[in-house]
Amino acid sequence: MGITVILFVVTFFLFINHVSSKEGLSEKRPTVSPEIQAENEKRSMELEDFLFGNNGIIKQVNDELLTKGYTFQTLIMANSIDDIQLKYVLENKEATESEQEAVKSIFFELVEKNNLDSNAFELKVGDEDDGPDW
């Protein structure tokens with residue numbers, strides 16, 4: 001009885017390995033066409049320039065916050081130009097309601113000045129005691 005169970009288990013494992021090795025050989029890795037790669041790179045560069053270029057909104061906000069005496073980290077998750085989530089983590093100040101409103105005011109004034117859609121941005125302001133939540 002014991003030998004039968006052992007033979008069954010060994011046979012079962014050999015069968016599983018044989019089936020999975022056949023599946024592994026027949027699987028093809030998905031490839032991205034050069035045209036799609038080029039389009040993705042173009043979008044990525046446009047988004048980077050939009051955010052960080054000489055006239056980029058994040059660069060403008062960061063410059064303004066630095067002149068106002070803030071030190072901070074910026075967390076960004078950008079899916080597209082129309083879907084950007086930001087979090088400013090204040091390093092030298094607590095993120096009290098008044099500080100949060102001051103940073104948000106600076107940010108959205110520059111968004112308006114640049115004729116950008118404020119609905120494209122989700123902005124949070126925290127301090128070092130906050131986590132990286134969105």
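The legends below describe close-up views of a predicted model.

**View 1. Strand 2 and its pairing with strand 1.** Strand 2, which spans residues 83-90, has 7 of its 8 residues buried, so the strand is largely enclosed by the rest of the structure. Strand 1 (residues 72-80) pairs with strand 2 in the antiparallel sense, the two being joined over 8 bridges, and a hairpin with 2 residues between the strands connects them. Within this pairing, leucine 75 has lysine 87 of strand 2 as its bridge partner.

**View 2. Strand 2 beside strand 3.** Strand 2 and strand 3 run parallel and are joined by 7 bridges. Leucine 90 stands opposite aspartate 127, a residue of strand 3.

**View 3. The surroundings of phenylalanine 50.** Phenylalanine 50 belongs to helix 2, which comprises residues 34-52, and its relative accessible area of 18% falls under the 20% limit, so phenylalanine 50 is classed as buried. When residues up to four places away in sequence are not counted, phenylalanine 50 touches Gly56, Ile57, Ile81, Ile84, Leu116 and Phe121. For isoleucine 81, which lies 31 residues from phenylalanine 50 along the chain, the separation between the two C-alpha atoms is 7.6 Å.

**View 4. Asparagine 115 in the loop between helix 4 and strand 3.** Asparagine 115 is placed in the loop that lies between helix 4 (97-113) and strand 3 (121-127), and with a relative accessibility of 71% asparagine 115 counts as exposed. Most residues other than glycine have a negative phi. Asparagine 115, although not a glycine, has a positive phi of about 55°.

Definitions and conventions:
Residues are numbered from 1 along each chain as its sequence is written. This is a predicted model: local features need pLDDT of at least 70, side-chain atom pairs count only at pLDDT 80 or more; totals for chains, interfaces and linings use all residues. Side-chain values use heavy atoms; hydrogens and water are left out. Helices (H or I, at least four residues) and strands (E, at least two) are DSSP runs, numbered from the N terminus. Buried means under 20% relative accessible area, exposed over 50%, partly exposed in between (1.4 Å probe, protein chains only). Contact means heavy atoms within 4.5 Å. Two strands pair if DSSP finds at least two bridges between them.
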